[in-house]
Amino acid sequence: MKHQRDRLKQYQKKIQAILSQEHVIAVDALKAGNKTRALTALRRRQYQEGLLQKTDGQLEVLENLVSSVEFALIEKDVMFGLKQGNEVLKQIHTEMDIESVHKLMSDTAEAIQYQQEIGEALMSTMTAEEEESVQNELAELQAQALPAIPEVQRVELPTVPVSEPMVATDVDREIEKTPAARGEVALEA
């Protein structure tokens with residue numbers, strides 16, 4: 001199909017060349033005063049334009065067909081991938097059936113229960129003093145394992161202003177320029 005598409009494109013190029021050639025022949029015939037030859041060249045040109053339009057339609061149909069075939073091939077590949085994935089899942093499910101999962105969960109629960117029984121047995125054989133001793137030893141180990149955190153001194157920070165700062169206006173600036181505002185006071189002699 002792609003080969004046919006390429007052949008149609010070559011045919012279109014050939015028709016384009018003929019169209020240009022017929023136009024040149026018609027112009028030359030008119031310049032020479034041969035109206036019938038110019039008319040014949042224009043008729044052949046019109047016929048070639050019709051062929052070009054038909055070729056364009058055929059090319060479009062062929063390109064749609066090529067696209068459809070390519071998409072169908074992609075769909076086929078997707079279906080093949082899904083089929084393989086389904087087979088792998090079936091194989092995994094045969095290796096791991098529900099009964100073995102329930103047995104594994106039961107064994108795990110039994111192991112947890114056994115560990116709890118051991119912990120309770122150890123706790124029941126220890127006296128309160130022994131338990132306190134174990135707890136103290138644990139606290140000492142934690143103190144040795146964890147680095148000591150230095151105490152931080154509390155620093156008083158300034159408070160944040162609540163209102164917007166005031167902007168000096170032109171009047172305030174004029175007042176600041178006066179000698180009294182600058183602390184310059186004239187004393188009587």
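**Terms and their grounds**

Author: Helix α3 contains methionine 105. The model is a predicted one.

Reader: Which helix gives the most to the nonpolar patch?

Author: Helix α2 does, with three residues. Both α2 and α3 (98-125) supply at least two residues each.

Reader: Why are α1 and α2 called roughly antiparallel?

Author: Helix α1 spans residues 2-32 and helix α2 residues 35-95, and they pack at an angle of about 165°. Angles over 145 degrees count as roughly antiparallel, and the pair is therefore given that name. Their axes lie 9 Å apart, and α1 passes α2 in a left-handed crossing. The residues of this contact comprise 17 nonpolar, seven polar and 11 charged.

Reader: How do you know that glutamate 63 and lysine 9 form a salt bridge?

Author: The closest N and O atoms of glutamate 63 and lysine 9 are 4.0 Å apart. The rule asks for a side-chain nitrogen within 4 Å of a carboxyl oxygen, so the pair counts as a salt bridge. Glutamate 63 in helix α2 and lysine 9 in helix α1 are 54 residues apart, and the pair links distant parts of the chain. The count by this rule is four salt bridges.

Key:
Residues numbered from 1 in each chain as written. Predicted model: local features only at pLDDT ≥ 70, side-chain atom pairs only at ≥ 80, totals over all residues. Heavy atoms only, no water. Axes fitted to C-alpha atoms, helices over the stretch in contact; angles between N-to-C directions. Helix = DSSP H or I, 4+ residues; strand = E, 2+ residues; numbered from the N terminus. Parallel < 35°, antiparallel > 145°, perpendicular 65-115°, else oblique. Left-handed = near helix turned anticlockwise from the far one by under 90°. Nonpolar A, V, L, I, M, F, W, Y, C, P; charged D, E, K, R; others polar.
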